[in-house]
Amino acid sequence: MARGIKDKVAILGMGCTKFGERWDKDADSLMVEAFEEAVADANVDVSRIDAAWLGVGFDAMNIGPSGIPASIALRLPNVGVTKVENYCASGTESFRGAVYAVASGAADIALAIGVEKLKDTGYGGLPVRTRGTTFDMVGVVGSAPGNFAQLASAYRAAHDVSKEDLKRAIAHVSVKSHANGAKNPKAHLRKAIDMDTVLNAPMIAEPLGLFDCCGVSDGAACAIVTTPEIARALGKTDIVTVKALQIVSSNGWELQQGGGWNGAYFHTTRVAAQRAYDEAGVTDPRRQISLTEVHDCFSITELVTMEDLFLSKEGQGWKDVLNGVFDADGEIPCQIDGGLKCFGHPIGASGLRMIYENYLQLLGRAGPRQRSKPPTLGLSHNLGGMPSQNVSAVAIVGLADA
Amino acid sequence: MSGETGILAFGAYVPRTRLQRSAVYAAHAWFAPGLKGQSKGERAIGDWDEDTITMAVEAARDALTGVERATVGSLSLASTTLPYIDRLNSGIVKEALNLPDAVAALDVTGSQRAGTSSLLQALKGAKGGAAPHLVLASEMRKASPASEAELTNGDAAAGLLVGSGEVVAKFLGAHSVTADFVDHYRTEDMDFDYGWESRWIRDEGYTKLAGGALKAGLAALGVAPEAVDRLVIPLVGRGVADGLAKQAGVKPEALADTLLATVGDSGVAHPLLLLVTALEQAKPGEKIVVLGFGQGVDVLLFEATPALAKLSARRGVKGSVARRHADDNYLRWLFHRGLLALEKGMRAEFDQKQPATTLWRHRKTVFGLVGGRCTKTGVVQFPKSDITVGSNDRSSGTQEDYPLAELKSKIITFTADNLTYSPNPPAYYGMVDFEGGGRLTVEFADVAGVEVEVGREMRMVFRIKALDEQRHFTKYFWKAAPAD
């Protein structure tokens, strides 16, 4: 049984661009913006980077295939760059490559960079594209909101929650995130919104309205990782280490009736979360996890994820949400930076942006967003696909001695 | 086994949506006030995802209620609105019905009596002891906006299983006349029929040609007009059917309702559709005469048998007509038939190219909705796969074909999606669980006016999944519709 990588890898530096409709920059320039901040934060020469991982979700629609675009944009000196993609979990996927390279001893210092530029597609939301030759014959070409909205119907049926109660709970999720994003200069959307606005917004995919859906935007984020020993040797004193990193992919189990999936939760998240807690030595997540950044592509996703991360009891997440448990001043703040809701979702970058906020919070560098009680462990949850078939990535970072 | 030849079973399909003629007339009254006379009642219109082939599949499924599919020896599809000029349309129906490969099939087209003519040939073949043949007739005609035909047409399909054995209607013979009477015509490059003056059609076509053939036919078949119990005349012009019955000396109450008020004139399908209504109501021993008209005349004679009472319940025309949803959105229908171009937006630019290789490799999956059932664990899945999806067992290569199309299912999750491109927004879809196992995330159809909720019972219907407008190819698949 593998022991995991707890405390084997430290974050040396991170960078994150301003997310939004970056009409001014290509994906290459966005990568440079994030990379330069990370290099400055790491205070290390680029020639020390041994290996790199590039995560992009829709490369055909922006940067193009392979790792070469990152190598060219960042002028990496004879570095092997691996291009990774795992749907919307691509951000954590690139982090995984860099972290495992260091944990294995194959690299001293490794780079993870994620970028997406979706605002050249000409319309909002994720671009429509093929999902493979068989899917194109028998699969439903639904929008992302439609794919995830189905959770709501199943959640209501499984836990006997009224349409009105669930609608209010998911609206609270978005109101809370907007209040947080208003304090974040790197977020795309920075205006607070109220319950009525959310409840009465135009319907996108029943029951998700306009404000239940994150937008698609441009952005990049970057992490430079190394061993804690090298970090200390380079002069770092407060060290943030990776406590756990787990990724689980659906194998079709949810898609068959006999398996028992009721459509109301993410099977992969539950498995990944439990493994991450085991790897990090977390036995009571509700008490031990200080903050979470979860995949709030849609408000309903965030709500059920609270249960899937075992922070709420099954069927009770909606009540915890309405009671403010996950608000910025609550027990376990969720999306204290504004989340996907305020940043938008540049696919390759989002997973790294989540780790970036946890990293800043742990080091006390989050400014007006800083959690009042000093955090010790930050969890990020990064999900790709759709409720019935997906990949869920859970990462936990914390102070080295936590 | 009586050893008679004739009709073994019947079925029908009329699309659920009924466009109110008053709504069409209201749009045209300023331009063509004379249409007022045709503006009553409603006509059946297929949804954007229906065509002649999908309707034929539904009529076939209805006709084959209770019939072992492997016993069908051949099938034919008659229509003047087949999607393909060169790709066997009845072959697509065969795949959707999951019939064995060892069957014969043909398309029959060219005139409004393609339905009766194909029925006639099938009955002749049945006399020779051939395996049952499924006669299908289906039509979805376009008509010029502000024409009479736009109001009087209807979309529908009918199916008759023909052969020897315990027939519900014995075939007693037929009489045909062929004469190039061009009341109307349509060529490959025309969207709409071009027709001549209706007064001439009535006099020379209906009264002389049809009337003459009907009289000669009854005489040739040795049937006295008074002995005709049911007369099917699929001509919907005002007073035409009545006039022909009277002219032939057949009692007025024998005349089958032309269904103009509830369905409309379904072209090639119409005589067979009305024959189905006659069979639904006939008593044993009744003589049924069916007339087909199109550059000539077919007259077919049947006699109902006691086996009618033993035939298992099916939707038929009665059930199809009753299953209705009133609609007054005339523009939506024009858009669906390609007669009105709407701004579809960039999402509709998605390339729907269909590789011929993958469709051929997976034709049972795509057309037949055939999944897999693990012979070791009994787990049902869609689609079939090498390694079973069951989590207790990782068997490879243990799945047998398992057809899902005829199984009922229940909604487990759903949404109504306003964002994804749909010709009839919002797009409803969700996950359904089949009776006995199997699960599918699938588009929903026919949900207008229905409360879609978790737990609702659904049935599968064969529909157009997407149109490759660039390459003129239709992608078919199955959708879930509320089970009535």
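Visitor: How many bridges pair β21(B) and strand β22 of chain B, and in which sense?
Guide: They pair over 10 bridges, in the antiparallel sense, with β22 covering residues 473-482 of chain B. Strands pair if DSSP finds at least two bridges between them. Helices (H or I, at least four residues) and strands (E, at least two) are DSSP runs, numbered from the N terminus.

Visitor: Before we go on, what kind of model is it?
Guide: This is a predicted model: local features need pLDDT of at least 70, side-chain atom pairs count only at pLDDT 80 or more, and totals for chains, interfaces and linings use all residues. Residues are numbered from 1 along each chain as its sequence is written, while chains are lettered from A and ligands numbered from 1 in the order in which they are written.

Visitor: Back to that pair. Which residue is the bridge partner of B:Val461 in β22(B)?
Guide: B:Lys479 is the partner of B:Val461. β21(B) and β22(B) form a hairpin, with four residues between them. In the turn, B:His472 has a positive phi of about 55°.

Visitor: What joins β18 of chain B to β21 of chain B?
Guide: Two bridges do, and the strands run antiparallel. β18 spans residues 409-417 and β21 spans residues 457-468, both of chain B. As an example, B:Ser409 has B:Met458 in β21(B) as its bridge partner.

Visitor: In what order do the three strands of the open sheet in chain B come?
Guide: The order is β16-β15-β17, with antiparallel pairing. β16 (380-381) and β17 (399-403) of chain B are at the edges with a single partner strand each, so one side of each has no neighbour in the sheet.

Visitor: And how many bridges join β15 of chain B to β17(B)?
Guide: Five, with β15 being residues 370-374 of chain B. One of the residue pairs there is B:Cys374 with B:Gln399 in β17(B).

Visitor: New topic: B:Leu160. Is it buried or exposed?
Guide: B:Leu160 counts as buried because it has 29 C-beta neighbours inside 10 Å. The cut-offs go like this: buried is 20 or more other C-beta atoms within 10 Å of a residue's own, exposed is 12 or fewer, and partly exposed is in between, with C-beta atoms placed from the backbone. B:Leu160 is in strand β7 (residues 156-165) of chain B.

Visitor: Which residues is B:Leu160 in contact with?
Guide: Leaving aside neighbours within four places in sequence, B:Leu160 is in contact with B:Ile7, B:Phe10, B:Ala63, B:Leu119, B:Val135 and B:Leu272. Contact here means C-beta atoms, placed from the backbone, within 7 Å. B:Ala12 is 148 residues from B:Leu160 in sequence, yet the two are 8.7 Å apart in space, C-alpha to C-alpha.

Visitor: What does the domain assignment of chain B give?
Guide: Domain 1 (4-184 + 196-336) and domain 2 (353-369 + 404-482). Such bounds come from an automatic or database domain assignment. The C-alpha centres of the two domains of chain B lie 28 Å apart. Their contact takes 17 residues from domain 1 of chain B and 15 residues from domain 2 of chain B.

Visitor: How many residues from each chain does the contact of chain B and chain A take?
Guide: 38 residues from chain B and 32 residues from chain A. On the chain B side, the largest share comes from β18(B), with six residues. That side divides into 18 nonpolar, 14 polar and six charged residues. Ala, Val, Leu, Ile, Met, Phe, Trp, Tyr, Cys and Pro count as nonpolar, Asp, Glu, Lys and Arg as charged, and the others, Gly among them, as polar.

Visitor: And chain A, how many helices and strands are there?
Guide: Chain A has 14 helices and 11 strands. Buried residues make up 62% of its 402 residues. The C-alpha atoms of chain A fill a box of roughly 55 × 45 × 45 Å, taken along the principal axes.

Visitor: What about the domains of chain A?
Guide: The assignment gives domain 1 (10-120 + 218-233) and domain 2 (143-214 + 240-399). In chain A, 35 residues of domain 1 are in contact with 34 residues of domain 2. α3(A) supplies the largest share of the domain 1 side, eight residues.

Notes
Two residues are in contact if their C-beta atoms, placed from the backbone, lie within 7 Å.
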